[in-house]
Amino acid sequence: MSDAAFKSEFLQAMQARGYIHSISHPVELDEAAAARKLVGYIGFDATAASLHVGSLIQVMMLRRLQQAGGKPIVVMGGGTTKVGDPSDKDTQRPLLTTEQIQANIASLKTVFAKFLTFGDGPTDAVMVDNADWLDALGYVEFLREFGVHFTINRMLAFDSVKLRLDREQPLTFLEFNYMLMQAVDFLELERRHGCNLQMGGSDQWGNILNGVELIRRVDQKPAFALTTPLLATASGAKMGKTVAGAVWLNADMRSPYDYWQFWRNTEDADVGRFLRLFTDLPLDEIARLESLPGAEINAAKKRLADETTRMLHGADAAETAARAAEAAFEQGRLSDDLPTVEVKAADLEAGIVLAALAHDAGLTGSRGEARRLAQGGGLRVNDKAETDANRAVTTADLVEGVIKLAAGKKKIVLVRPV
RNA sequence: GGGGGAAUGUCCCGAGUGGCAAAGGGGGCGGACUGUAAAUCCGCUGGCGUACGCCUUCGUAGGUUCGAGUCCUACUUCCCCCA
């Protein structure tokens, strides 16, 4: 497959910005894109109440599609989540209840509007829930209509299945059906919305191809697959895993300040790649930023943090986060914009064990962890390392009305009595 | 259908003789060095308690034992061989 010279704006941009891992029917897809006839979808499972940074690349792909004159469809996996994608999981996840799934979907929805323009126009994004058609399918009907198009022989060869088998982990029949459901999704979207492109992570390649082939076989319509490379940092870590767990996109689960910090802490070697993937900055500007020598690269990281935070949380939040970070890290002073935790004034009067306070403030996962952290010299009260996490923190520790609590150099919380 | 093996710290991989909170990696976190980077070196990496301590962990459920990850039985899942 030679993808050297795409003529469509969409694929050119996708390639230049590093989104493309694999494409099916590249020439045909390029033509459809050039003719602005792409209707592309990505499915999102509703296993959590928020997307995290790991899914951001998918959301950005829909954004690129819209920018290039295509129509994006966001598919919420209200139906598929009931089954569970076996991809790269060791064992089956506990099944979510329908209520949980619906609650998750409601929570997930809000984020997409930040990246896409929804509406009724030809290139406006739409959101659908695959429970709408999957729930209504009868088993026998499902088997007769779609089951005939899939051979077990092929399904066993797919990575998602093979991996589980190779690892000697059970794969239930329930999960085995996931890939069929995803194929049915694509077909259904083709019929309902003229959808002809499904995108996703490279782990979805097999699942997506199933849909492509189903559409081509059953409806004799063109359909394409496009997958992204699996994202990892330059040093090999999985994208989006940090101290406090996943980097959620919902503001109530991960503050704009933390989000800004996440991007600010990008490794040097990743800056250019991330700028291309996660911001709308022009490519020549990115080329300039990523080639900044030595410590100057920090300017590029700030730009990355600014742009990504603005896109998700808005300009005000981005600016506030940037200001708080600058104050804390570059000037070493406090800023009201730092994350704040409130404690009862009466409790503080009485004294709160430092380990408990650090834990309650979300700095550590447990009191024991806070103690160990303190012993290692990583716990600071008002910038002073505190090795005894058993000491009581009291009103005497207040400086200008707050207590600055830090775990390591980057996790800072202001404790404020109320 | 018969025979043999395997499942370990809920992030992963992986040692483990009846006394084990359980070797060693990776990852993660912290410290030093830097540029809020990488690499490197050092420390930490089940929960609770100020503390001698208590509680929970080795696929699941029982049993033997003063004591079980370690032995026995049944079950679940996986691998290999024979049919």
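Let's start at one residue: D397 touches N382, R391, A392, V402 and I403, leaving out residues up to four places away in sequence. Contact here means heavy atoms within 4.5 Å. D397 sits in the loop between strand 13 (392-393) and strand 14 (403-407). D397 has a relative accessible area of 13%, so it is buried. The cut-offs: buried is under 20% relative accessible area, exposed is over 50%, and partly exposed is in between, with a 1.4 Å probe and protein chains only. Helices (H or I, at least four residues) and strands (E, at least two) are DSSP runs, numbered from the N terminus.

Now the ground rules. This is a predicted model, where local features need pLDDT of at least 70 and side-chain atom pairs count only at pLDDT 80 or more, while totals for chains, interfaces and linings use all residues. Residues are numbered from 1 along each chain as its sequence is written, chains are lettered from A and ligands numbered from 1 in the order in which they are written, and side-chain values use heavy atoms, with hydrogens and water left out.

Next, the overall layout. Chain A divides into domain 1 (9-228), domain 2 (255-330) and domain 3 (340-417). Those bounds come from an automatic or database domain assignment. How far apart are the C-alpha centres of domain 1 and domain 3? They lie 45 Å apart.

Five strands make an open sheet of mixed pairing, in the order 9-15-14-11-12. Its edges are strand 9 (340-343) and strand 12 (384-385), each of which pairs on one side only. Two strands pair if DSSP finds at least two bridges between them. Strand 9 and strand 15 (residues 411-417) run parallel, joined by four bridges. V341 has V415 in strand 15 as its bridge partner.

Now the cores. A nonpolar core is a set of buried Ala, Val, Leu, Ile, Met, Phe, Trp, Tyr and Cys residues joined through side-chain atoms within 4.5 Å. The largest one has 70 residues, and F10, L38, F115, M199, L226, W263 and F278 touch the most other members. Helix 3 (residues 53-67) gives this core its largest share, eight residues. There is also a second, separate core of 32 residues, with Y41, V75, F146 and C195 among them.

Aromatics next. Rings of Phe, Tyr and Trp (its six-membered ring) pair if their centres lie within 6.5 Å; planes under 30 degrees apart are stacked, over 60 edge-to-face, and the rest tilted. Searching the whole structure gives eight aromatic pairs. One of them is F44 with F112, edge-to-face, at 4.9 Å centre to centre and 65 degrees between the planes. This pair links distant parts of the chain: F44 is in strand 2 (residues 39-44), F112 is in helix 4 (residues 98-115), and they are 68 residues apart. Both F44 and F112 are buried.

Why is the pair of Y259 and W263 edge-to-face? Because the ring planes stand at 75 degrees, with the centres 6.1 Å apart. Both residues lie in helix 12 (residues 256-264), four residues apart, about one turn of the helix. Y259 is buried at 1% relative accessible area. W263 is buried too, at 0%. Ring pairs join Y259, F262, W263, F274 and F278 into a cluster.

Helix 10 (residues 178-193) gives us a length check. The expected span is 1.5 Å times one less than the number of residues. For the 16 residues of helix 10 that comes to 22 Å, and the end C-alpha atoms are 22 Å apart, so the two agree. Of those 16 residues, 13 are buried, so helix 10 is largely enclosed by the rest of the structure. Just after helix 10, G194 has a positive phi of about 65 degrees.

Two residues other than glycine also have positive phi. H25 has phi near 45 degrees. It lies in the loop between strand 1 and helix 2 (26-34), and is partly exposed at 31% relative accessible area. R36 has a phi of about 55 degrees. R36 belongs to the loop between helix 2 and strand 2, and is partly exposed at 47%.

Last, I20. This residue lies in the loop between helix 1 (9-16) and strand 1 (22-23). Buried or exposed? I20 is buried, at 16% relative accessibility. Neighbours within four places aside, I20 contacts F6, L11, M14, Q15, L226, T227 and P229. I20 and M199 are 179 residues apart in sequence, and 9.9 Å apart in space, C-alpha to C-alpha.
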